[in-house]
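Here is a short briefing for a reader new to this structure. It covers charge pairs, the nonpolar core and charged surface patches.

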Amino acid sequence: MARGSRREGLSRRRNRDRHGRGLRGPLYPATLPAARSRAERFDALVIEALEPIEARWRTELTQLDVAVDDVPDVQGTEEDVVEDGNVPLARLVPATVDRQGLPTRARIVLYRRPLEARAKDGADLSDLVHDVLVEQVANYLGLDPDVVDGE
């Protein structure tokens, strides 16, 4: 009898809430939009802002990559940087040749945290990401931002 009650006690301990704080695990199912992280939502926002630009300039942008970093590297600034004060919001990294002599593609790097810090809400962040992308694509193509945006 002692053995049976002991086993019952062990299984009961495994199934109970730790310190009575509730079940551990995700708050929302992965299928709901609320389950996505801030970085995932920002990535989706960048893709959404890039689609109309890429649709219009597809052939000119075949050798361009778009990337997202959380924060900028604070060492040295380049000329193709969109800044707010001294904080870079995005950077255009030109195509170069790496150490092994292989060509690298040009890329636009958007910095998530500085962009999020400057936006008041989701709509403002969407507009800011769009404007920064347009400006960087215009730098890459050597055109006026109004031409790239289609205005």
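Buried means under 20% relative accessible area, exposed means over 50%, and partly exposed lies in between (1.4 Å probe, protein chains only). By that rule Glu116, at 17% relative accessibility, counts as buried. This is a predicted model: local features need pLDDT of at least 70, side-chain atom pairs count only at pLDDT 80 or more, and totals for chains, interfaces and linings use all residues. Residues are numbered from 1 along each chain as its sequence is written, and side-chain values use heavy atoms, with hydrogens and water left out. Helices (H or I, at least four residues) and strands (E, at least two) are DSSP runs, numbered from the N terminus.

**Salt bridges**

- The whole structure holds 3 salt bridges, each defined as a side-chain nitrogen of Lys or Arg within 4 Å of a carboxyl oxygen of Asp or Glu.
- Asp70, Arg112 and Glu116 form a linked network of salt bridges.
- Arg112 pairs with Asp70 at 3.0 Å, N to O. This pair links distant parts of the chain, 42 residues apart: Arg112 is in helix α3 (residues 112-118), and Asp70 is in the loop between β1 and β2 (81-84).
- Arg112 also pairs with Glu116, with the closest N and O atoms 3.1 Å apart. Both residues lie in helix α3, 4 residues apart, about one turn of the helix.
- Arg112 is buried, at 9% relative accessibility, whereas Asp70 is partly exposed, at 41%.
- Arg105 and Asp65 meet in a salt bridge of 2.8 Å, N to O. Arg105 sits in the loop between β3 and β4, Asp65 in strand β1 (residues 64-69), 40 residues apart.

**Nonpolar core**

- A nonpolar core is a set of buried Ala, Val, Leu, Ile, Met, Phe, Trp, Tyr and Cys residues joined through side-chain atoms within 4.5 Å.
- The largest such core has 26 residues, and Ile53, Leu110, Leu115, Val129 and Leu133 have the most contacts inside it.
- At least two core residues come from each of α2 (38-56), β3 (87-93), β4 (106-111) and α4. Helix α4 gives the most, with 7 residues.

**Charged patches**

- Patches join like charges within 9 Å, using residues with over 30% relative accessible area and no salt bridge.
- Asp121, Asp127, Asp131 and Glu135 make up a negative surface patch. Asp131 lies in helix α4 (residues 122-141) and is partly exposed, at 46% relative accessibility.
- Arg36, Arg38, Arg41 and Arg113 form a positive surface patch. Arg41 lies in helix α2 and is partly exposed, with a relative accessible area of 37%.

Note on methods: Patches are made of residues with over 30% relative accessible area and no salt bridge: like charges are joined within 9 Å, nonpolar side chains (Val, Leu, Ile, Met, Phe, Trp, Tyr) within 5 Å. Accessible areas come from the Shrake-Rupley method with a 1.4 Å probe; for residues, only the protein chains shown count as cover. Lys and Arg count as positive and Asp and Glu as negative; His and the chain ends are not counted. The place of a charge is taken as NZ of Lys, CZ of Arg, CG of Asp or CD of Glu.
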